[in-house]
Amino acid sequence: MIQRPALLRLLDEVGTVDAVGVEERAAKFATRSIKRESKRFGLRLAASMVDLTTLEGKDTPGKVASLCRKALRAHDTVEVPPVAAVCVYPTMVRAAVGALAGSSVRVASVATAFPSGQAPIKSRLAEVKAAVADGADEIDMVIQRGAFLAGDLVRVRDEIERVRDACGEATLKVILETGELETYDNIRAASFLAMRVLRPGDFIKTSTGKTSANATLANHQVMIEAIRDHYLASGTEIAMKPAGGIRNAKEALHFLVAVKETLGDAWLNNRRYRFGASSLLNDLVRQLVKQETGAYQAPWNFTENAGGY
Amino acid sequence: MLTITKTPKCYVGGKFIRSESGAVYPVHDASGGFLANIPSCSRKDLRNAVEAAAKAGPGWAARSPYNRAQILYRLGEMLESRADEMAAALACGEQRASAGSGPGAADEVRASIGRIVHFAGWADKYEQVLGSVNPVASPHFNFTVTEPMGIVAVLAPEEAPLLALLTLILPAITSGNAVVALASESRPDAAILLGEILAVSDLPGGVVNLLTGSREGLIDTFATHEHLRAVTASATRAEATTLQQGAAESVKRVVLHDPATDWLAADHESPWPIRDFVEAKTVWHPIGA
Amino acid sequence: MAPKSKKAKNAKKAKNADNSKTPKDADKGGKGDRGQAAAARKPARELLFGDLWEFDPAPESADPRIEESYGLFINGRFSAPKSRKHFTSVSPRDGAALSRIASAGKADVNAAYLAAARAFAKWSQLPGRERGKFLFRIARLLQDRSREFAVAETLDGGKPIKESRDFDLPMAAAHFFYHAGWADKLDYLAPGRRCEPLGVVGQVIPWNFPLLMLAWKLAPALAAGNTVVLKPAETTSITALKFASILQDAGLPPGVVNIVTGAGDTGAEVVNHPKAAKVAFTGSTEVGKLIQRSLAGSGKRLTLELGGKAANIVFADAPLDQAVEGIVNGIFFNQGHVCCAGSRLLVQESIAGLIVDKLRDRLAVLRVGDPLDKNTDVGAINSGEQLDKIRELVQSGIDEGAEIHQPKCRLPEKGWYFPPTLFSGVTQSHRIAREEIFGPVLSILTFRTPAEAIEKANNTAYGLSAGVWTDKGSRILKMAAELKAGVVWANTYNRFDPSSPFGGYKESGFGREGGKHGLLDYLKLG
């Protein structure tokens, strides 16, 4: 029997995406004008959805502890809700767990040989288990993009399942690394591939933030439309996390508008939606302060590395 | 020994017919002697001719441009092979004409053959002149192609009964339209013979339908028949008014020629008359991987 | 041995994969996420488009600079109408009066034609490069004042500010820019022929894209060397009159463009004036036929851009979310006041339910209301008269048994508004499938095969535009070839460009606007 390649069979099931059309749609979200109280609401909501992230070779327990303080209380005077999670490398999980004990802020850890995923499955699974054992509430894994592009979808799905099982009670976030999948068809197919083995409340996530191609409104749109279709077909509610490149409040609001108008109100909370970002929180706070005081704020009060200019 | 005469018939749907009404009108030779009874086509004949054109048109339009070119060229060959006979038919009508008789029979046949050859050559080229790829600002591929309109009505003038008739028919059929034409009323001789030539030209029956009869009696039906998508004529102002008023009911295209037109003139030979009987269709498609 | 064991391993994996499906997954079968699952979908799985995050009003605040009163723009300056008549232009947004507009009578139209005829000699003899420079200037000046014009357009016509700002104004400027460049290149337009201007052109434009239609008409006419008498639609004259000030600022010679305002009577004077060498009309098929009739025997050239009842055809293999977006853009763009609106949706039967569901979810997030609000997607209906017509046709759809779907939306209390409306279960014979509604109302029909889709799509006296959505390239080209329409949008809808010819087959009119095809219709071949 002639069998079409697995990716084409999957696309037959889930449908394809027209690139120009989805980019036009995405551009429309960016024309929404969010003012006054709706802006304040959106900024606070976005802050509560941040996975405050540090993924540097130079990370130390001290730096992570400092990040955790910011996660809990981002500003001295203006009320900013705590972020959703702090996201670190597995070696930093213990430091984060210690710093966040007793708070609502969860500890997330990238694992599975982040960001390339190029390590034997055994060691990737061991990494996941170690992070969970150290107290991680959430695991951010990467898929095997090479295997996906080569058409070995079974392997990609199998590995997601095994990581899911290794997570135990921890929430799983599956990073598709959309920039390396390159086409919207691939992003849609990979979203379904992952979602079909995920549990309600697990995430699909755009990017590692470690490549030049990050979350865009268009690839985000493809993924949230996939989440919507999967939900309507199966009843399973998968959560979404764009990551990488979302640096300012205005962009974050555009992403949230897309969520509001595609998935609806049920996804406008940090159980169903996160922003993976290291510097976004700074700008959210800066804009919130501006909303309170009416004055545009200089950057240096809100970020550690704004430079001296 | 008495020679037998040929009964003049119209050419409709690839068949030679007389009017369903049975009506005829006589034509005479130069000395006033009886020559023949010409069918005086009725409104119903016109309707039947439109039906025949509607049947043949889609197949003709679907022929490859190269095939249409060869068939039109074949029409030229057929006319060439009967050039003397056609010249005689034209001369017959010419003697009958009161004044301003036109180019002269032999010249008219030569010019007609030339015109057929000219348009035969356009069949697989005019699209490259009339169509376009349009450089739109958005990420879309955008092109304009032309398509035949459908059935085109032709009202030939009294003079130059072959050349003018062909000059009006050829641009329409080159692009794949089908034609219902009314021949010169006073000089139908050439059109009758043209029907016989068309019949052996490989042009599918029904693509060109030739009627004879009263211009005044039929002009209103030509104007108002909604299945006719365009009408072309050399028309007086009064006729133009009738045609355009009738055409308005179905937003029909009307292409008029000045009655003073020199039918031999070179400007009848270009792709621009073809443009009069095509619709421009523009297609958009996104460009994305 | 090795290959065998690998195969066995793969088979095991595949089995595992199957087992891993959740029970909910399992019940939807192999083709779950598209057509078939839709039929089995549980009603409980609904998306919640509520008020958790309401947007505050975001009104555009630029000053539209609308005068209290406008005269007629004849021979380069504004003058009081000889008719001494005026009418009031109101905003469909809230019914408020915006300005007092002159109503041109016979003598006024005659004065406009005389001015245009006087100007023609010099304008047509001006080197093409110089004519082009005037058009370039106009394009630039329009860009300069784009926001001001967008607000005026929205106030006067009711379209959402985001459309007037992001579509009408940029596109109008683009038309002048594109045609400006043609003015000194007419020799390259028709190989073998010399192109010559026609003379004075009378132009009558509609109310749905007031300034953009003005640009579509004026730019090619002027580039070709003609002079113009233009009549905007009665309900939307303001941006045309504001545009006159741009012509003054650009230093356009007096009489080259004359703008006469008024209702149908004024329009009749414009099209029937003996000095008109050509008439160009965009509007309803009904009025187009009247004009064609009244011009019979006059020797005037005529181009008509009339109504439509476009089919937007969606095959099961289409990129569905983009198709839904295209359907929405096709019928709700400019409140459906678009002659090429995709008002008949033809959906392949196997995905009809799914498409209706997706459309309902999409409609739930369309923001209907104050057109001046930057977040408004569907604005005000252009006039009370048009609103009545829409209501009447929608009622006929209900009476004839089609199923109506409207999202919950709060419409403003003042002004003229109508919610986005879908009708499913529509058949070819329903009035809502045959008549042009010119409002935000979509009729949904189904088909099974490409031939059936073509037959249904072409079963209309109109032939302006069509849409087709499918992933299969050869099918697109086949459909595009068979659809009797002047514009075919494949996997997109309602796209426009100055270089792209626009115009219809059959009773949607004749002639084209845009590109070299449109320009040729403003010239005679010498």
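This is a predicted model: local features need pLDDT of at least 70, side-chain atom pairs count only at pLDDT 80 or more; totals for chains, interfaces and linings use all residues.
Q: How do you know that E12(B) and strand E18 (residues 487–490) of chain C pair?
A: Two strands pair if DSSP finds at least two bridges between them. E12(B) and E18(C) have three bridges, in the parallel sense, so they meet that condition.

Q: What makes a residue part of the contact between chain B and chain C?
A: Contact means heavy atoms within 4.5 Å. By that test, 39 residues of chain B and 46 residues of chain C take part. The two chains bury about 3,400 Å² between them, with 51% of it on carbon and sulfur atoms; buried area is the accessible area (1.4 Å probe) that two parts lose on being put together, summed over both. On the chain B side, B:Val251, B:Trp272 and B:Trp284 supply 21% of the area that chain B buries against chain C, more than any other three residues.

Q: Why is the link between B:Glu147 and C:Lys484 called a salt bridge?
A: The term needs a side-chain nitrogen of Lys or Arg within 4 Å of a carboxyl oxygen of Asp or Glu. Here the closest N and O atoms are 4.0 Å apart, so the pair counts, with its distance at the cut-off. Chain B and chain C have three salt bridges between them, and 31 residue pairs in polar contact, both residues at pLDDT 80 or more.

Q: Which element gives the most to the side of chain B that touches chain C?
A: That is E12(B), with eight residues. The residues on that side divide into 15 nonpolar, 14 polar and ten charged.

Q: How do you know that C:Lys358 forms a salt bridge with A:Asp229?
A: The closest N and O atoms of C:Lys358 and A:Asp229 are 3.1 Å apart, which is within the salt-bridge limit, so the pair counts. Chain A and chain C have six salt bridges between them and 20 residue pairs in polar contact, both at pLDDT 80 or more. The largest share of the side of chain A that touches chain C, eight residues, comes from H11(A). By class, that side has 18 nonpolar, twelve polar and 21 charged residues. In this interface 51 residues of chain A are in contact with 47 residues of chain C, and the chains bury about 4,400 Å² between them, 49% of it on carbon and sulfur atoms.

Q: Why is A:Thr211 called partly exposed?
A: Buried means under 20% relative accessible area, exposed over 50%, and partly exposed in between (1.4 Å probe, protein chains only). A:Thr211 has 23%, so it is partly exposed. A:Thr211 is in the loop between strand E6 (203–205) and H11 of chain A. Leaving aside neighbours within four places in sequence, A:Thr211 is in contact with A:Glu177 and A:Glu180.

Q: What makes the phi of C:Arg84 worth a look?
A: The phi of C:Arg84 is near 60°, a positive value in a residue other than glycine. Most residues other than glycine have a negative phi. C:Arg84 is in the loop between strand E3 (77–79) and E4 of chain C. With a relative accessible area of 74%, C:Arg84 is exposed.

Q: Where is C:Lys506, and why is it called partly exposed?
A: C:Lys506 is in the loop between E18 and strand E19 (509–510) of chain C. Its relative accessible area is 21%, so it is called partly exposed. C:Lys506 also has a positive phi, about 45°, although it is not a glycine.

Q: What kind of peptide bond joins A:Phe114 and A:Pro115?
A: The bond is cis, with omega about 0°. Most peptide bonds are trans. A:Pro115 is in the loop between strand E3 (106–110) and helix H6 (121–133) of chain A.

Note on methods:
Residues are numbered from 1 along each chain as its sequence is written. Chains are lettered from A and ligands numbered from 1 in the order in which they are written. Side-chain values use heavy atoms; hydrogens and water are left out. A polar contact is a pair of N or O atoms within 3.5 Å; within protein, one must be able to donate a hydrogen and the other to accept it, and residues adjacent in sequence count only if both atoms are side-chain atoms. Helices (H or I, at least four residues) and strands (E, at least two) are DSSP runs, numbered from the N terminus. Ala, Val, Leu, Ile, Met, Phe, Trp, Tyr, Cys and Pro count as nonpolar, Asp, Glu, Lys and Arg as charged, and the others, Gly among them, as polar.
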